[in-house]
Amino acid sequence: MFSPPDLAGPGMTEFQEQLRLQHEKTMHEELEKLLQSSTGPEAQISKKDFEGFRSIFHRFLQRKGPSVEWSKIQRPPEDLILSYEKIKAQGRPEGITSSLNKLVVLKLNGGLGTSMGCKGPKSLISVSNDNTFLDLTVQQIEHLNKTFNADVPLVLMNSFNTDEDTKKILQKYTHHRVKIHTFNQSRYPRINKESLFHNSGLLDTLLAQGKEYVFVSNIDNLGATVDLSILHHLMSQPASRRCEFIMEVTNKTRSDVKGGTLIQYEDHLRLLEIAQVPKDHVDEFKSVTKFKIFNTNNLWISLPAIKRLQQENTLDLEIIVNPKSLDGGLNVIQLETAVGAAIKCFDNALGVNVPRSRFLPVKTSSDLLLVMSNLYSLEAGSLTMSKRREFPSTPHVKLGSSFTKVQDFLKRFENIPDMLELDHLTVSGDVTFGKNVSLKGTVIIIANHGDRIDIPAGAVLENKIVSGNLRILDH
């Protein structure tokens, strides 16, 4: 009579090991088939990428349970999450030029604009005064270089989806005072690996030029500009206590409850992502009271430390298993690593609690409406909140599906409304806005199915609900 192996005994352990080896063998065979289908330089690039994928797949199969034990999670000590105001009070570095000459700016430029109905790299979408994300980034760095006679280079980490189009557009910046470098992130199958200078040749080049720190951020975060106060804090530390990694965090709101947060875990600062949280503790993770801050993905990292960790092969990032459904309905798992997770590998790592103004991502047309409005003024590539707005917080804007695509969004506004006194805006259905419309307080505009609402030129909507039958009611 057949007896199943003891689930807790050596029989099961041996069975699991054989199963793991079989999975690795099958994956190896499939990757070899893919390699045989490519030729020339492409084959060498694919071979290097697949070697990296084999490594991460091996680590995935070796996992024994969750990457964190919930009972071991603690709030970070107060001295490891610094107040931005205290850092700012220290002032700017005395030798600003010298400090800037040791800095590199790296923008994560791997995303496409498909979620906003655009083709090609998201960084090429116009967001403010006909300037794209990339235009604004170049303007910011050029302004620094001209103002302080510095040499801060820009590095773009592209994906295979964005590399070709990005390189074509870089020709327009030939005469700008910014040196621009590019490299590609790894093209792992179903992998989104934000590696730290996957191209080690570029890292060596920057180190040889005397660069010491890299400021990393998402290219669609318009608040992620070079901050001289944070740079000064990094440069002013004694060599023996030099901070190798700073993560900018900011206070959570209800719209940020899924964002990764900093925790203390086994005497190290560590990034905790929602995908790593056991189901029973997801609500606790989303709590604004227990986990008050979240990762903006604005990171300041020591270049020599990156080199050291690469040489020691100790840059160990947790693998995040993210379930996905393909267009054909096939369910897959996407293995991800987040660059912020590297914080646990660096010495004297810190979090800095920055103002919300340093986290201004443009992910949707609702975000686009905010940054295109008179809420912000544009100077040298940087957006700053208008001094005419009485409150420092941004309005909550929720635009319906008719506004999702940028092309449709632009057609629905003859020009962007005055939003200086706006607190909340919800728009649903077939709605258009005439010229010089003003929105104040809480405004809700709902066009029912089959209805159309045209807000006339010069209209002032203050604490109003506009319904499908065109009546305007006091809120």
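Which residues does Ser366 touch, not counting residues up to four places away in sequence? The first view below takes up that question, and each view comes from a predicted model.

**View A. Ser366 and its contacts.** Leaving out residues up to four places away in sequence, Ser366 touches Val397, Lys398 and Leu399. Ser366 belongs to helix 11, which spans residues 365-372. With a relative accessible area of 9%, Ser366 is buried.

**View B. The hairpin of strand 16 and strand 17.** Here residues 376-379 (strand 16) and residues 382-385 (strand 17) pair in the antiparallel sense over 4 bridges. Look for Leu378, which stands opposite Leu383 in strand 17. There are 2 residues between the strands, and Ala380 takes a positive phi near 50 degrees.

**View C. Helix 10 from end to end.** Along the helix (residues 303-312), the buried residues are Leu303, Ala305, Ile306, Lys307 and Leu309. After helix 10 comes Asn313, with a positive phi near 55 degrees.

**View D. Leu100 in the largest nonpolar core.** This core has 73 residues, of which Leu100, Phe433 and Ile445 touch the most other members. Helix 5 (residues 133-148) supplies the largest share of this core, 7 residues. Not counting residues up to four places away in sequence, the contacts of Leu100 include Leu144, Phe148, Val226 and Leu231. Another core, of 31 residues, lies apart from the largest one, and its members include Leu206, Phe245, Leu271 and Ala305.

How values were computed:
Residues numbered from 1 in each chain as written. Predicted model: local features only at pLDDT ≥ 70, side-chain atom pairs only at ≥ 80, totals over all residues. Heavy atoms only, no water. Pairing = 2+ DSSP bridges. Buried < 20%, exposed > 50% of the residue type's maximum accessible area, 1.4 Å probe, protein only. Contact = heavy atoms within 4.5 Å. Core = buried A, V, L, I, M, F, W, Y, C linked by side-chain atoms within 4.5 Å.
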